[in-house]
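Please look over the briefing below, which takes up the sheets, the chain interface, the salt bridges and the backbone of the structure shown here.

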There are 2 protein chains.
Amino acid sequence: MDMKNPQTFFNVGPAMIFEQVPAYTAQFFQENMGSVSHRSPEFRELHRQIIANLKKLLQIPETYGIFFSGSASELWERILLNGVAHKSAHIVNGSFSSKFHDYAQSLNLQTQKIAFEEGEGFEATQISIDNDAEMICITQNETSTGVWIPENTISEIAQKYPEKLISVDIVSSVPIANLDFNYIDNAFFSVQKAFGMPAGLGVWIVSPRMLAKSIELKAQKGIGAHHTLPMHWKNFENNETHSTPNVYGIYLLNKIVEMILNKGIEAIRTQIESRAQSFYESLNSMKHFHAFVAQPKFQSPTIIVIQADSAERIEAVKKYLKSQDISVSSGYGKNKALHIRIGNFPAVPDEAYEKLLQILKQMD
Amino acid sequence: MDMKNPQTFFNVGPAMIFEQVPAYTAQFFQENMGSVSHRSPEFRELHRQIIANLKKLLQIPETYGIFFSGSASELWERILLNGVAHKSAHIVNGSFSSKFHDYAQSLNLQTQKIAFEEGEGFEATQISIDNDAEMICITQNETSTGVWIPENTISEIAQKYPEKLISVDIVSSVPIANLDFNYIDNAFFSVQKAFGMPAGLGVWIVSPRMLAKSIELKAQKGIGAHHTLPMHWKNFENNETHSTPNVYGIYLLNKIVEMILNKGIEAIRTQIESRAQSFYESLNSMKHFHAFVAQPKFQSPTIIVIQADSAERIEAVKKYLKSQDISVSSGYGKNKALHIRIGNFPAVPDEAYEKLLQILKQMD
C-alpha cells in the first residue's frame with residue numbers, strides 16, 4: 001500500500017468518502033469516543049442523536065426502530081429469521097436480489113421467486129404474490145445492474161398486499177430514494193455507498209408490525225440467537241445497542257447525516273438526479289457505449305451501468321482511467337468484462353463526472 | 001459530546017486506544033483505503049498481511065482460517081451454527097460464558113451446562129463432558145468477573161476429549177494469553193480490548209477440522225445463511241472476505257499487530273503480567289478492597305475485578321476517579337454496585353496504574 005492508490009473513486013461501494021471524513025474522525029479521537037463504554041451516557045447521547053437525525057433525514061415514522069449491524073448482508077439473514085415462519089417472496093432482477101433469495105433458501109424457508117431479466121424493472125401490476133408468502137422482498141436499487149424501482153412502485157405493491165411484510169434493500173439508493181416508510185416493514189443499507197463513509201456498518205429500519213411478528217415467531221420456532229429483533233428493540237428503547245457496536249461508524253454517520261441535513265436533502269437529491277440525467281443523455285448519443293438499463297424510468301440515478309459493444313473497449317477505458325488515477329467498478333458477475341459501474345454519490349464532485357464523460361466521449 | 005470526556009480509560013472494553021491510532025488512521029485516509037473495493041488488489045494485499053501477521057503473533061497453524069465479523073458476540077452464533085448438529089457443552093462461570101450457553105439454547109440446540117460459581121476457575125479434571133456433546137465451549141477469560149483459565153487447562157480439556165470441537169472465547173485475553181491453537185478449533189476476539197482499537201470488528205480463528213464439520217452440517221441440516229464457514233473459507237483462500245468488511249478496522253488491526261510484533265509480544269506479556277502481579281499484591285494488603293477472584297492462579301492479568309466491602313465505597317471511588325478524568329468499568333450484572341473492573345491492557349501506560357493504585361490506597 002502506498003500513495004499510488006487512485007484519487008477519484010466512482011466505485012459503487014466501498015465508494016468515495018466525503019472529504020470531511022478525516023476531520024470528523026480527528027474529532028472522534030479528540031472526544032475520546034473510541035474508548036467510552038457503549039453503556040455510558042456519552043454513547044447514549046450519540047445514539048439518541050443518530051436515531052433522531054436518521055428519522056428526520058429519511059422521514060421515518062417515530063414508532064419505528066433503527067438498529068446497527070456489521071454489514072447490510074447480515075441483515076438479509078436477520079430480516080428473514082425474525083420475520084418469516086415458512087415462506088418469503090423475492091422479486092429477483094439481479095445479483096443482490098438473487099442473494100437475498102439464496103439466504104432464504106439457506107435458512108430452509110420455502111420461497112416464491114418472481115424473476116425478471118437482469119437490467120429490467122417492473123410495475124406493481126406485474127407482481128403476483130402467493131397467498132402463503134409472509135414477506136415480499138424487494139431490491140429497490142440493484143447495485144449489480146443499475147436498475148431502479150421507482151419509490152411509488154414499492155408503495156403500490158405494499159397497498160396490493162397489506163397483510164404481507166415489505167422488506168426493501170436500499171443499500172445503494174439511500175438517502176437519494178424518497179421512500180414512504182409507512183409502507184415498509186424492513187429497510188436496510190450500508191454506509192460505504194451514498195453516505196460516503198468507510199465500510200463496516202449496516203443500518204436496519206424496522207416497523208412495529210415487524211417487531212410483533214418477530215415476537216410471535218420467537219415463541220413459535222425461534223428467531224436465531226444474535227441480534228434478534230426483540231432483544232435489539234429492548235436495548236434501542238434505552239438508547240443502547242445489544243452488542244458492542246461500531247461506535248466510530250455510528251459517530252461518523254451521525255456527522256454526515258447532520259451535514260446532509262444542513263445542506264438540505266432536496267438539494268442533494270436534485271444534484272444527483274441532474275448529474276444522472278445528463279450522464280444518461282450523453283450515453284444516448286454515443287456509438288459504442290450505452291446504458292445497460294434501457295428504459296429511462298428504471299435507470300438508477302445512483303448506480304449508472306455502462307455497457308460497451310466489446311470487452312476490449314471496456315478494458316481500454318478501464319486501463320486509461322487507471323492511468324488517470326480514476327477508479328470505477330467492474331461489471332458484476334457474468335457482466336464483469338462488458339460493463340463499467342459508476343457510483344453517482346454525493347461525495348464525488350461534479351467536475352469528476354464531467355471529466356469521466358469527456359473521457360468516455362473521446363474513447364467512443 | 002465535548003472535550004470533557006475522561007482522559008484515562010481503564011474500561012474493560014471499549015477500552016483505551018493506542019496513542020498511535022489517530023496517526024494510523026490518518027495514513028488510512030492518505031492511502032485512500034476507505035474507498036478501495038474489497039475485491040481490489042489493494043485490499044487483497046492488506047488481507048494477506050493481516051492474516052500473516054496474526055498467524056505470526058499468535059502462533060496460529062498455517063492451515064487455519066481467520067475471518068472477520070462485526071463483533072465477537074456474532075461469532076457465538078456462527079460457531080454454534082457451523083459446528084453443532086445437536087448438542088454443545090458449556091463451561092459457565094460468568095455472564096459471557098452464560099451468554100454463549102444462551103445462544104445455543106436460542107438456536108434450539110441441546111446443551112450441557114457445567115456451572116461454576118462466579119469468580120471461580122476450574123481444572124481439566126473437574127470437567128466431565130457428555131458423550132453426545134459435539135463441542136466444548138470455554139470462556140478463557142471472563143470479562144464479567146476477571147477469572148482467567150490457565151492456557152494449559154484448555155489443552156488438557158482438549159486432550160481429554162480429542163473427538164470434540166474446542167471453542168474458546170479469548171475476547172479480553174488475546175494477545176496476552178499464550179494459547180496452543182493446535183488444541184483449539186474455534187477462537188474469537190474483538191479488537192476494542194487488548195488491541196486498543198475502536199470497536200466494530202470481531203476476529204474468528206478456525207481449524208480445518210471445524211471447516212470439515214461445517215461442510216458436513218451444511219448438507220445435513222443447514223448452517224444459517226450469512227457468513228457460513230464454507231463460504232468464508234472460499235473467499236479467504238483468495239485473500240478476500242465474503243461481504244464488505246470493516247476495512248478500516250482490518251487496516252488498523254494490521255498496523256497494531258505490526259507494532260506489537262516490532263516491540264515483541266513477550267515484552268508486552270511480561271509488562272502486563274508484572275503490572276497485574278503488583279496490582280493484586282497491593283490489593284492483598286488493603287483493608288476494604290480486595291480481588292474478587294480469590295485464587296491467584298485464576299486471577300486474570302488483563303481483567304482485574306476489585307470488590308469493596310460496601311457499595312458506598314465503590315461509589316465514592318468511582319466519583320473521585322471521575323473527578324480525575326479517569327474512567328473504569330462498573331461491576332457486571334448483579335455485581336454492578338460492588339465491583340470495579342479494570343482493563344490491564346497494553347495501550348494504558350504504566351504511570352496510570354500507579355496513579356490508580358495510589359488512589360485506591362488513599363481511599364482504603
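This is a predicted model: local features need pLDDT of at least 70, side-chain atom pairs count only at pLDDT 80 or more; totals for chains, interfaces and linings use all residues.

Helices (H or I, at least four residues) and strands (E, at least two) are DSSP runs, numbered from the N terminus.

**The seven-stranded sheet of chain B**

- Seven strands of chain B make up an open sheet with mixed pairing, in the order β2-β10-β9-β8-β5-β3-β4, where two strands are taken to pair if DSSP finds at least two bridges between them.
- The edges of this sheet are β2 (65-69) and β4 (110-115) of chain B, each of which pairs on one side only, and the twist from one strand to the next averages 20° (axes are lines fitted to C-alpha atoms, for helices over the stretch in contact, and angles run from 0 to 180 degrees between N-to-C directions).
- Strands β8 (residues 165-169) and β9 (residues 186-190) of chain B run parallel and are joined by three bridges, with D169(B) standing opposite F188(B) in β9(B).
- Helix α6 (residues 208-220) of chain B packs on the sheet and touches β5 (135-139), β8, β9 and β10 (202-206) of chain B, its direction making about 90° with that of β10(B); contact here means heavy atoms within 4.5 Å.

**The four-stranded sheet of chain B**

- Four strands of chain B form an open sheet with antiparallel pairing, in the order β11-β12-β15-β14, and its edge strands are β11 (289-291) and β14 (329-330) of chain B.
- Five bridges pair strand β12 (residues 303-308) with strand β15 (residues 339-343) of chain B in the antiparallel sense, and I303(B) stands opposite G343(B) in β15(B).
- Lying across β11, β12, β14 and β15 of chain B is helix α10 (residues 311-323) of chain B, which runs at about 40° to β15(B).

**The interface of chains A and B**

- In the interface, 58 residues of chain B are in contact with 57 residues of chain A.
- About 4500 Å² is buried between chain B and chain A, of which carbon and sulfur atoms give 59%; buried area is the accessible area (1.4 Å probe) that two parts lose on being put together, summed over both.
- Two salt bridges are found across this interface, a salt bridge being a side-chain nitrogen of Lys or Arg within 4 Å of a carboxyl oxygen of Asp or Glu.
- E77(B) forms a salt bridge with R78(A), and the closest N and O atoms of the pair are 2.6 Å apart.
- On the side of chain B that touches chain A, the elements that give two or more residues are α1 (21-30), α2 (41-58), α3 (72-83), α4 (95-106) and α8 (247-263) of chain B, and α1(B) gives the most, with six residues.

**A salt bridge within chain A**

- Over all chains, the count comes to 30 salt bridges.
- R39(A) and E240(A) meet through their side chains in a salt bridge (2.8 Å, N to O), a pair that links the loop between α1 (21-30) and α2 (41-58) of chain A to the loop between α7 (229-236) and α8 (247-263) of chain A, 201 residues apart.

**Backbone features of chain A**

- Most residues other than glycine have a negative phi, and most peptide bonds are trans.
- V174(A) and P175(A) are joined by a cis peptide bond with omega of about 5°, and P175(A) is found in the loop between β8 (165-169) and β9 (186-190) of chain A.
- D325(A), although not a glycine, has a positive phi of about 60°, and D325(A) lies in the loop between α10 (311-323) and β13 (326-327) of chain A.

Notes:
Residues are numbered from 1 along each chain as its sequence is written. Chains are lettered from A and ligands numbered from 1 in the order in which they are written. Side-chain values use heavy atoms; hydrogens and water are left out.
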